[in-house]
Amino acid sequence: MLHPVAALGRLGTESAFEVLARAQALAERGRSIVNLGIGQPDFPTPEHIVEAGIKALRDGHHGYTPAAGVTPLREAVAAELEKRAGRPLDPGRVLIEPGGKPTMFFAILAFGEPGAEILYPDPGFPIYRSAIEFTGAKAVPLPLKEENGFGFSAEDVLSRIAERTRLIILNSPANPTGGVTGKAEVERLVAGLAAWPEVAILSDEIYSRILYDGREHASLMAYPELDDRLILLDGWSKTYAMTGWRIGYAYWPKALVESAVRLAVNCHSCVNAATQWAGLAALTGPQDSVERMVAAFDERRRAVVRGLNAIDGISCVEPGGAFYAFPNISGTGLAAKRLETALLEEAGVATIAGTSFGVYGEGYLRLSYANSLDNILEALQRIERWLQERR
Ligand code: PLP
């Protein structure tokens, strides 16, 4: 009999991977499945980035790199973040990680322990809560509301901060809702945080470049007063369709950089060397592929929202960013998980129950529109037909 630590039993997961496995199993048995479950761009990585990765391999980049990443890449990330910060940044505080997730985990490990409280968005990316509970800290949900377009409200954040709060996790544009928090709200929050100088912030800005209708990204990086306590997370996965390359970046408070590098050394040594050179080509090369991808997402976004709102029992607020719609399904009379299962097994559409993203996700489904317009229209038809036949 083994005796693993109890914390292992507290680890959660990302249902997207489970739904993907179930959808694939059904497809292998010959069922037609439209997959609106998975949260990754359906575009290939732009060619010039792929070429840079291949060239790096041919040029002999086969070994370890410094744990924090190769210097030109850290400098390029600092330059990229300076656009958000509006002030010079220190490349020495940039860490290159295998994706956005390690930064999330390290930030939560850095502040989570029994007795500590960590605020996290709900509905939100499920790994936040999973990692918080793993550390033994108390996970305090920050409810995101449909009436606010699923952006966070400064008041809701500030009213949940307590003596034991060590870290606040924020995410805009957001998964699973596509919610975007505007500059005015971010400013109100930053002003209120002045009263809590010992609370750190993890700002997950992985969807920072995927915004619609001319919205501008309201980054927490823009506030020098947060410089000593903000951990900024972003990366390449979504912006450059590079989820499988495993690369992301972070900007750490000066006092924590050394510890964060040690966490990386203890965990994974460094990011795949060739991937880092591909990442450099992504940041410094042409950006038109990002614009094209966002324009394609935008067209699908409109189709999804229009289509969902035309279905009896479903309503959907317009997402301002990312590539998810988060329709309210309470009019169907079905619990989210029940609808997710029925749509997959009976209608052949993979979606994810809102409850996979937190308790405040009941009554909602997440649809990823990172799929072709034709597939999206087909999925909408299947959903509508299934609901009609049920009545
Ligand atoms: N943060 C959010 C909000 C996400 O939705 C995701 C991926 O789905 C990540 C972070 C992780 O990104 P990566 O694949 O770069 O680890």
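Biologist: Of the contacts in the chain between residues at least 6 apart in sequence, what share joins residues at least 24 apart?
Modeller: That share is 73%. Two residues are in contact here if their C-beta atoms, placed from the backbone, lie within 7 Å. Keep in mind that this is a predicted model: local features need pLDDT of at least 70, side-chain atom pairs count only at pLDDT 80 or more, and totals for chains, interfaces and linings use all residues. Residues are numbered from 1 along each chain as its sequence is written.

Biologist: Okay, how many helices and strands are there in the chain?
Modeller: The chain has 13 helices and 12 strands. Both are DSSP runs numbered from the N terminus: helices are H or I with at least four residues, strands are E with at least two. The radius of gyration of the chain is 21 Å, close to the 21 Å that the globule rule gives for 391 residues, so the chain is as compact as a globular protein of that length. That radius is taken over C-alpha atoms, and the rule is 2.2 Å times the number of residues to the power 0.38.

Biologist: What does the C-alpha trace span along its principal axes?
Modeller: About 60 × 55 × 55 Å.

Biologist: And how much of the chain is buried?
Modeller: Buried residues make up 50% of the 391. A residue is buried if 20 or more other C-beta atoms lie within 10 Å of its own, exposed if 12 or fewer, and partly exposed in between, with C-beta atoms placed from the backbone. Take helix H5 (residues 101-111): nine of its 11 residues are buried, so the helix is largely enclosed by the rest of the structure. Among those buried residues are Phe-105, Phe-106 and Ile-108.

Biologist: What about Glu-155, buried or exposed?
Modeller: Exposed, because Glu-155 has 12 C-beta neighbours inside 10 Å. Glu-155 sits in helix H7. Its C-alpha is 11 Å from that of Leu-142, which is 13 residues away in sequence.

Biologist: Switching topic: which domains does the assignment give?
Modeller: Domain 1 (7-44 + 288-390) and domain 2 (63-284). Those bounds come from an automatic or database domain assignment. The two centres, taken over C-alpha atoms, are 25 Å apart.

Biologist: How many residues of each domain are in contact with the other?
Modeller: 37 residues of domain 1 are in contact with 36 of domain 2. On the domain 1 side, helix H1 (7-10), helix H11 (288-309) and strand S9 (324-325) are the elements that give two or more residues. H11 gives the most, with six. By class, that side of domain 1 has 20 nonpolar, 12 polar and five charged residues. Ala, Val, Leu, Ile, Met, Phe, Trp, Tyr, Cys and Pro count as nonpolar, Asp, Glu, Lys and Arg as charged, and the others, Gly among them, as polar.

Biologist: Where are the cis peptide bonds you flagged?
Modeller: One joins Asp-122 and Pro-123, with omega about 0°. Pro-123 is in the loop between strand S3 (117-122) and helix H6 (126-135). Another joins Ser-172 and Pro-173, with omega about -10°. Pro-173 is in the loop between strand S5 (165-171) and helix H8 (183-193).

Biologist: And what is the phi of Phe-150?
Modeller: About 65°, a positive value although Phe-150 is not a glycine. Phe-150 is buried, with 27 other C-beta atoms within 10 Å. Arg-246 also isn't a glycine, and its phi is near 60°. Arg-246 is partly exposed, with 19 other C-beta atoms within 10 Å.

Biologist: Last one: leaving aside neighbours within four places in sequence, what is Thr-275 in contact with?
Modeller: Gly-53, Trp-245, Arg-246 and Ile-247. Thr-275 is in helix H10 (residues 273-284), and Thr-275 counts as buried, with 26 C-beta neighbours inside 10 Å.
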